[in-house]
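Let's read this structure together, one feature at a time. Ask as we go along.

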Amino acid sequence: MKSKFLKPWFWSRCWSDIKCFFNPRQKWLTKKIPNHWCDKVDLIRIVLFECLVDFVDGEKCFEVLCWGENEEDHKYYGENWQQVVREKQEEKAKILKCYDYITKQRPQLSIDLNKAYPEFDIDDLFRLKLKQSYQEAYGEAIRIEELIEKLDNETLSTILELRERLWT
């Protein structure tokens, strides 16, 4: 019986593991994953959002892929080329909408959320003085949090839908 050390796949895999330890792959993603504890739901959101941003920025999907904008490409789509072009344009619009939300709208909403929290005075905590009700103090922050959650869920579902259409 041969030892696993004599098999070529063992040494290939061993070399790959060592090489990837010192020079990790997917650096664009590992930079965004937090080094501290993170809930899996948040981690899924981070990974999917960063995958879409890398697809647009890193892989230059609008330059590399065919979106049906050139008439010479239509011959490859067959007789129903108009429907295929329309579908590709819809997919491109969805990608752009998600990308815009992830790169522009969501960071602005996060800034607005941080500003929406009321000023905190430590003396109020110890004296139990409440200047306003909870709803008055945190109403805007709650509204922005709900808006972020709603838009995140819409964007995540769109990304998963696009994944089904583009990468399968």
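Predicted model: local features only at pLDDT ≥ 70, side-chain atom pairs only at ≥ 80, totals over all residues.

Q: Is R143 buried, exposed or partly exposed?

A: Buried means under 20% relative accessible area, exposed means over 50%, and partly exposed lies in between (1.4 Å probe, protein chains only). R143 has a relative accessible area of 43%, so the residue is partly exposed. Its C-alpha atom is separated by 9.6 Å from that of A116, 27 residues apart along the chain. For the chain as a whole, 26% of the 168 residues count as buried.

Q: How do I read aromatic pairs, and what is the count here?

A: A pair of aromatic rings is described by the distance of the centres and the angle of the planes. Rings of Phe, Tyr and Trp (its six-membered ring) pair if their centres lie within 6.5 Å; planes under 30 degrees apart count as stacked, over 60 as edge-to-face and the rest as tilted. By this rule there are two aromatic pairs. In one of them, F49 and Y101 have ring centres 6.4 Å apart and planes at 85°, so the pair is edge-to-face. Because F49 lies in helix α3 (residues 40–57) and Y101 in helix α5 (residues 81–116), the pair ties together parts that are 52 residues apart in sequence. Both F49 and Y101 are buried.

Q: What about Y117 and Y138: how are their rings placed?

A: Their centres are 6.1 Å apart and their planes stand at 65°, so this pair is edge-to-face. Y117 is partly exposed at 35% relative accessible area, and Y138 is partly exposed at 28%.

Q: Which residues touch the most other members of the largest nonpolar core?

A: A nonpolar core is a set of buried Ala, Val, Leu, Ile, Met, Phe, Trp, Tyr and Cys residues joined through side-chain atoms within 4.5 Å. In the largest one, with 22 residues, L52, I95, Y101 and I102 touch the most other members. The elements giving two or more residues to this core are α3, α5 and α7, and α5 provides the largest share, eight residues.

Q: With which residues is Y101 in contact, leaving aside neighbours within four places in sequence?

A: Contact means heavy atoms within 4.5 Å. On that basis Y101 is in contact with F49, R106, P107, L109, I148, L151, D152 and T155.

Q: Where is T158 found, and what does T158 touch?

A: T158 is found in helix α7 and, at 19% relative accessibility, counts as buried. Not counting residues up to four places away in sequence, T158 touches K94 and C98.

Conventions: Residues numbered from 1 in each chain as written. Heavy atoms only, no water. Helix = DSSP H or I, 4+ residues; strand = E, 2+ residues; numbered from the N terminus.
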